[in-house]
Amino acid sequence: MTTPIPAETADDSRRYRPDPTVLAALTSPRLLTREVLAGLVVGLALIPEAIAFSIIAGVDPKVGLFSAFIMATSIAFLGGRPAMISAATGAVALVIAPVAREHGMDMFIATVMLAGVFQILLAVAGVAKLIRFIPRSVMVGFVNALSILVFAAQVPHVIGVPWMVYPLLVIGIVVLVFMPKLTKVVPAPLVTIVLITGIAVVFAIDVPTVSDQGELPRSLPELFIPNIPLTWQTFATIAPYSLAMALVGLMESLMTAKLVDEITDTHSNKTRESWGQGAANMISGLFGGMGGCAMIGQTMINVRASGARTRISTFMAGAFLLILVVVLGDIVGMIPMVALAAIMMMVCVDTFDWHSIRPSTLRMLPKSETFVMIATVAVVVATGNLAIGVVVGVFVASVLFVRRVAHFVTVERTVTGSDLGVDADGPTGEAGRDENASTAEAVARYKVRGELFFASSNDLTTQFRYTHDPDHVVIDMTESHVWDASTVAALDAIVTKYEAQGTRVEITGMNAYTETLHARLSGGLG
């Protein structure tokens, strides 16, 4: 006898199903070409970044390059967010740099591997679920701050350089802006790299190139077993750095995954992504890599600029990186840095949430939400550490809201009317049916009770039975209170889901503050 699949398991399976799937991409020449070319662009963009982060960490450039290759190819199989790019990052490099400087390479690699163990343990403990407590204002601040940091990192490549860099920069920006309007068959970033490199080579233009950033390796990565004493003293020495790396890496990865979820309108398994990051870091350490986490800049190149959606692009990014540096190192070394700088700058411009700083938006949003966003940006830019900025942002938001929060939200569903086929029982609460209203229009009524804010409203959309409800739904807000933009966005999402299948939604019982806030923000949050 076949055992029935629990409803929650089936729902999770559908929720995390990638679109398109790897199989669909492999059987579609158009999709496969897009994924492979996206991987090539990202692979090229990873090279100077990995070298730069190796220098920050105080290790040989090949350590960062090998780490980028191993992280990207490993996470393609292990991670929970398709199309997201993981590699050596500046945030991780800053955290573990003192280990290489003070204790040597063996302790450095052991630190990376222990960080991977910590990340797996944190994943098992359910740390990924904490992402739900990060409010929208902090998420916007995270994106804006990261855009500023990545953009600022490109400035040295266009300041104090030969004057011919500037015409090449203009050419690159023109291609990146206008080519997607003409065709998206070939990624604009790839055309930019080929065109600028071709111009520089043909006309013998002397500008800074990738080879100026550091020597590229000529051999494949080899197994590296740290030669360290397995004692408590060793653990006590490296554990603080490993734990810091684990936390920073997970936070940046989960925030980036959430951003990609929103861009692609898909869900990803954050718990799988957490332990996948840990496993990838352990594998990276075993081959002498410096570890890392998700990279928002390269991820935006992959997802937004190149249109990639599957794990194929992530794997190809790592594979192309290895081929480019080991086999085609001399050719890759000729790529002008201005080509990669132009791509990263335009990605930053596209990633920055310009809607969040419009005067109309600032007037519309509560001042507390704007303050949280600005505080997150300020701390990240001042410290250069995304984790610190996010923690401060969440803390500020909590201080502003926690005094007004009494309890979480409950939703009770009842169905009245003539549609006897409607399932009145569900996970949202006890249901009832008015027996005397058998000839009336079928109506599903949801009574929402409690304080609605960023933590409770994140789950609000999951408590409605969209496909089981009749054509008329009433949401009673009499016993609830809306506190922030996240809740308004959640209500908008609920209404949108119902309207998409032809269901009429009526929201009633809002108090004065809730009605005013909903009227101001509904439909205007992007």
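Axes here are lines fitted to C-alpha atoms, for helices over the stretch in contact, and angles run from 0 to 180 degrees between N-to-C directions. This is a predicted model, where local features need pLDDT of at least 70, side-chain atom pairs count only at pLDDT 80 or more, and totals for chains, interfaces and linings use all residues. Residues are numbered from 1 along each chain as its sequence is written, and side-chain values use heavy atoms, with hydrogens and water left out.

**View 1. Helix α6 packs against helix α11.** Residues 105-124 form α6 and residues 270-286 form α11; their axes sit 7 Å apart at about 160 degrees. That makes the pair roughly antiparallel (angles over 145 degrees). Their crossing is left-handed, meaning the near helix is turned anticlockwise from the far one by less than a right angle.

**View 2. Here are the residues where α6 and α11 meet.** On the α6 side, look for Ile 109, Val 112, Met 113, Gly 116, Val 117, Gln 119, Ile 120 and Ala 123. Their α11 partners include Trp 275, Gly 278, Met 282 and Leu 286. Contact means heavy atoms within 4.5 Å. By class, this contact has ten nonpolar, eight polar and no charged residues, with Gly counted as polar.

View 3. Helices (H or I, at least four residues) and strands (E, at least two) are DSSP runs, numbered from the N terminus. Buried residues (under 20% relative accessible area, 1.4 Å probe, protein chains only) make up 55% of the 526 residues. The C-alpha trace spans about 85 × 60 × 55 Å along its principal axes.

Technical notes: Angles under 35 degrees count as roughly parallel, over 145 as roughly antiparallel, 65 to 115 as roughly perpendicular and the rest as oblique. Buried means under 20% relative accessible area, exposed over 50%, partly exposed in between (1.4 Å probe, protein chains only).
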